[in-house]
Structure formats: C-alpha cells, structure tokens
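Please look over the sequence and the structure shown here before reading the briefing that follows. The points are grouped by topic, so that each can be checked against the picture.

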Amino acid sequence: MSAAVAWLVKARIEDGAYSHKAGIRTGVMVNGGGAQGKTETVCEALAAFEAEWLEVNEYMNPEAMAGTRDLLAPVAYVRCPVKATPVSTCQRILDFYGEDYKNMRQEDLIRTVNAAISAHATKALVIDDITRLKLHRESDQDVLDLLLEVMSMSVTLILVGVGIPVSGLLRRGRFDPVRKQWIIPPVRDRGRSPNPEAATQHERRFEMIELEAFSYDSPAQINAWVDHLTALERSLRLLTDTSGMLSGGAMPEYLFGRTNGVVGLLEKLIQRGCRLAIEDGCERLDTTLLNRCRVSPTDLPDLDAESGEQPTIPPIQNPPKKRAKGRNSVFDDSGPAAESA
C-alpha cells in the first residue's frame, strides 16, 4: 500500500509543478494509524520528485531574479503544532525557510509565508500531524482557512494525519475496501456549522488515500509481511548471516503478534533487539531475545497521544511457565527452587 501512496503523492506534485496554469492545485490527504510509516512514505516521494525537479531545472530557480536563483526549495516539510493557531503555523513554515519573523503580526506572517513559497519556487508543502487540529476551536478553523489561502499560491498541499475522515477536516466518511477509497456522504448539517462550506471546500481540493497497516488474514497479506521482513533483515548490521532471521520459521507470526503489523513498532522492536544481540555477543535475533525487549510509548515521543497518533502496543505473550516437580513446591522452574536445586 505504501507504493500506492508514494505514486499518488508524486503524481499530484508533478501534475501541479509541470502545469503552467495558475490556480489551486489538487492536494492529497494521507490517512493511517500511528507509526505506520506515513511520513516516511511521503518524504520518499518528495525526495524523488525534488531530485528530478532540480535536475530538470539545472539546480536553479528559472523564474527567480538575478542574484537570488540559489533560493530553491522545491519541497517543504513542517509539522502541525499541537495547539495550532495561524500565527504558530506560519512560524513553523518560516522556520523551514530560515526566515526572520520577529515581532510580525499575523497579516505580516501570512504575507511572508506567501513570499517565501514564491521566492524558493516551492512546488509541494507537507503539513504532518494535521489531525492535531481540533475543529471545535476557532483558531483551528482559522488554520484551515490559512491552508486554503496557501493553496492559492499554486503549491500542492500534502496533509498527513491519523483519523482524517472522522476529524472534521472532511465530512465523516466510511472506507470502501473494494474501491480502496473513502466514501464521503452528502452534506446534511449545513445549518449546524459556523462555516458549513469548509468541509466541502476541502473535499473538492483534496484526494485522500489510506496507508493501512500490514494484515495477517490471507496468503497475499502474509506474503507482503514476509517480503517486508526480508527487506528489513538485509539491513541488519549483525555479524552473523541475517538471511531468514526475521522471515523464516515462526518469526513472521511472532513479529506480527508483537507489533500488529505497524512498521513503526516493528522498527523499534528490531532496533532494541539488535542492541541486546550486540551487547550479549550472540549477534542474532530470536524470540527468546526479543521477549526481553519491550516497546513503550516513550519510544515514540514525537507522537501526540491525544491526537490518536500513538498506536496500540500489544503485550508480550510469554509461554506459560512449567511447574516444578513435587506437590509441595510453590515455585516454577525459573524461580528460587530451580536456582537452589
């Protein structure tokens, strides 16, 4: 599914970048659970586009004034503040460009953002963690209006978040597993919203795609998971042969049970396991070693729990301990009785 997301993001950016027609570009909303690799997938697509765009334009901004052609940033990436306002959102964008915004009012900040996008020939702007916006707050609705204004700069806007269909950014919808698309019902609550047209504006201007976690329900889904593990084990820096270390035997099922198919949790688990394998000198990952590794929310400090960004972490399912022989024993084989035997 990540390939489909990368294709759509890159296609939308290219469609907008190579179009000489002024106006709003169709944006993309990338939806998915926390730590599922949305940001990594989008950034890889951005990097591919940027490399091609720079080569085509000989690493210069062809529309810039003489003396300023080195100010070239085809893509820009920022994260939405936890409690966003138009001012803080503009400041995040200007931080990316290294612009000075000290003592600027909101109107000046917006004007400076527009000038920076134009001066740096930015063709794509990514706003990550967009569902940190809580649309019951007036300031958050103002941020949405700001994003619509940014889109008028002929820049392709990529919004990345968790639970976008139920966040209010679009009208509440349902995911059609056959069409692989979110189905948005007609507007029925125009009179209840302070800005009833906002949702329809965003629906018309964005195409949404879902980045799903891996599943383990069919042979095709299992093969996709094993293929991912095979690619991952090739990057392990252990002194033993890593072929089949993650993809062989019962490891795929074990790793899926530990992570629910969430690539972010898998990465943290393997990272911690490799550290233990190196420190112990075994230089190998197996279920016994990985049972000593626990992934906790503190391993994902950049994800906001209140916005639903932190995924559910499955508990470790240790095998039942054997009871020690003898009817009077109160310890299992791993307890004090076993140690004193």
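**Briefing on a predicted model**

Among the contacts in the protein between residues at least 6 apart in sequence, 67% join residues that are at least 24 apart. The structure is a predicted model, and the protein has 341 residues, of which 44% count as buried. Its secondary structure comprises 11 helices and seven strands.

**Helix 7 and helix 9**

- Two packed helices are described by the angle between their axes together with the distance between those axes.
- For helix 7 (residues 219–233) and helix 9 (residues 263–280), the axes come within 13 Å and cross at roughly 40°.
- The crossing of helix 7 and helix 9 is right-handed, and the contact is made by W225, H228, L229 and L232 on the side of helix 7, with V263, L266 and I270 contributed by helix 9.
- Sorted by class, the residues in this contact of helix 7 with helix 9 are six nonpolar and one polar, with no charged residues.

**Strand 7 and its partner**

- Strand 7 (residues 206–211) is largely enclosed by the rest of the structure, because five of its six residues are buried.
- Strand 1 (residues 27–32) pairs with strand 7 in the parallel sense, and the pairing runs over six bridges.
- Within this pairing, N31 has E210 in strand 7 as its bridge partner.

Methods: Residues are numbered from 1 along each chain as its sequence is written. This is a predicted model: local features need pLDDT of at least 70, side-chain atom pairs count only at pLDDT 80 or more; totals for chains, interfaces and linings use all residues. Side-chain values use heavy atoms; hydrogens and water are left out. Axes are lines fitted to C-alpha atoms, for helices over the stretch in contact, and angles run from 0 to 180 degrees between N-to-C directions. Helices (H or I, at least four residues) and strands (E, at least two) are DSSP runs, numbered from the N terminus. A crossing is left-handed if the near helix is turned anticlockwise from the far one by less than a right angle, and right-handed if clockwise. Contact means heavy atoms within 4.5 Å. Ala, Val, Leu, Ile, Met, Phe, Trp, Tyr, Cys and Pro count as nonpolar, Asp, Glu, Lys and Arg as charged, and the others, Gly among them, as polar. Buried means under 20% relative accessible area, exposed over 50%, partly exposed in between (1.4 Å probe, protein chains only). Two strands pair if DSSP finds at least two bridges between them.
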